[in-house]
Amino acid sequence: MLIIINTKSMTDNFSHWDKVYTTKKHNQVGWYQDHPTISLDWIMQYTRQSDAIIDVGCGVSLLADNLLAEGYNDLSLLELSKNAIEAIQKRLALEKDKVSFYNQNILKFSSKKQFKLWHDRAVFHFLTNPDDQQTYIQKLDDYLQKDGFFLLATFSPDGPIQCSELEIVQYDEKKITQLLGQSFKLIKTTTESHPHPNGGTQEFNYFLLQKQ
Ligand SMILES: C[S@@+](CC[C@H](N)C(=O)[O-])C[C@H]1O[C@@H](n2cnc3c(N)ncnc32)[C@H](O)[C@@H]1O
């Protein structure tokens, strides 16, 4: 099932992302990973196969394919770009009973579902406006179960200041825990030097936080 709820606005950056996924090969976008090792390891360590998991701003990531291969059966994939979500929906057509697809801006997300784990790799860091950051955090709080996990990857202070030619906010442990406040406890963090397909590396920080 594909649910399309796209209200275009300046903050959506909808056409930017749709253009990226039309003009670039999917394995040549800067954030491409053939094996999302850290995300996969942490998800498998902290959740069960039947837990509800959402990948926010999934793009065309192979994380869902890997989770399905590990027996996960309640995945939600949310993505702003119609091209990207249609591509991933086509790729996972045989697994459609285990995956819900949302073509939506996370800032407008609403759901009857509560998730055990909320995954975000290189999406939250695009929110440079404090109001948008707070809207996102409110959505996270609304739809993440108590004791649920927020697995977040952002560019680190040693990484680039832009991603896909858009301004981003770099996060370290202090900055993310201050922003999320008392309602989230940091469980662990690590770094990743992500190899860019065109050469060079991008420094990421990964954070695993638990809702209190
Ligand atoms: C840098 S890519 C990362 C994609 C994926 N998470 C991965 O690790 O391969 C950022 C993705 O977030 C999506 N995105 C950006 N802003 C969004 C928003 N407000 N709501 C939903 N998706 C968004 C973009 O379309 C893009 O696919």
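User: Let's start with strand S2: how many bridges join S2 to S3, and do they run parallel or antiparallel?
Analyst: Strands S2 (residues 53-56) and S3 run parallel, with four bridges between them. Pairing here takes at least two DSSP bridges between two strands. Helices (H or I, at least four residues) and strands (E, at least two) are DSSP runs, numbered from the N terminus. Before we go on: this is a predicted model, where local features need pLDDT of at least 70 and side-chain atom pairs count only at pLDDT 80 or more, while totals for chains, interfaces and linings use all residues. Residue numbers start from 1 along each chain as its sequence is written.

User: How does the chain cross from S2 to S3?
Analyst: The path goes through helix H3 (residues 63-69), making a right-handed β-α-β crossover. Right-handed means that, with the strands pointing away from you, the path from the first strand over the helix to the second runs clockwise.

User: And which residue stands opposite Leu-75 in S3?
Analyst: That's Ile-53.

User: What about S4, how many bridges join it to S3?
Analyst: Five, and S3 and S4 (residues 99-104) run parallel. Glu-79 stands opposite Asn-103 in S4. With helix H4 (residues 82-91), S3 and S4 form a right-handed β-α-β unit.

User: Is S3 mostly covered or mostly open?
Analyst: Mostly covered: five of the five residues in S3 (residues 75-79) are buried. Buried means 20 or more other C-beta atoms within 10 Å of a residue's own, exposed means 12 or fewer, and partly exposed is in between, with C-beta atoms placed from the backbone.

User: Which S3 residues point which way?
Analyst: Leu-75, Leu-77 and Glu-79 point one way, Ser-76 and Leu-78 the other, and all are buried.

User: Switching to the core. How many residues are in the largest nonpolar one?
Analyst: It has 50 residues, and those with the most contacts inside it are Ile-53, Leu-77, Phe-115, Trp-118, Phe-150 and Leu-151. Strand S6 (residues 144-155) gives the largest share of this core, seven residues. A nonpolar core is a set of buried Ala, Val, Leu, Ile, Met, Phe, Trp, Tyr and Cys residues joined through C-beta atoms within 7 Å.

User: What is Trp-118 in contact with?
Analyst: Setting aside neighbours within four places in sequence, Trp-118 is in contact with Ile-54, Val-56, Leu-140, Leu-144, Gly-148 and Phe-150. Contact means C-beta atoms, placed from the backbone, within 7 Å.

User: Why does Ala-122 count as buried?
Analyst: Because Ala-122 has 21 other C-beta atoms within 10 Å.

User: And Asp-147: what's its phi, and is it buried or exposed?
Analyst: Asp-147 isn't a glycine either, yet it has a positive phi of about 70°. That residue is found in strand S6. Asp-147 counts as exposed, with 9 C-beta neighbours inside 10 Å.

User: Last one: what does Asn-73 touch?
Analyst: Not counting residues up to four places away in sequence, Asn-73 touches Gln-49, Ser-50 and Lys-98. Asn-73 sits in the loop between H3 and S3 and is partly exposed, with 15 other C-beta atoms within 10 Å.

Terms used:
Two residues are in contact if their C-beta atoms, placed from the backbone, lie within 7 Å.
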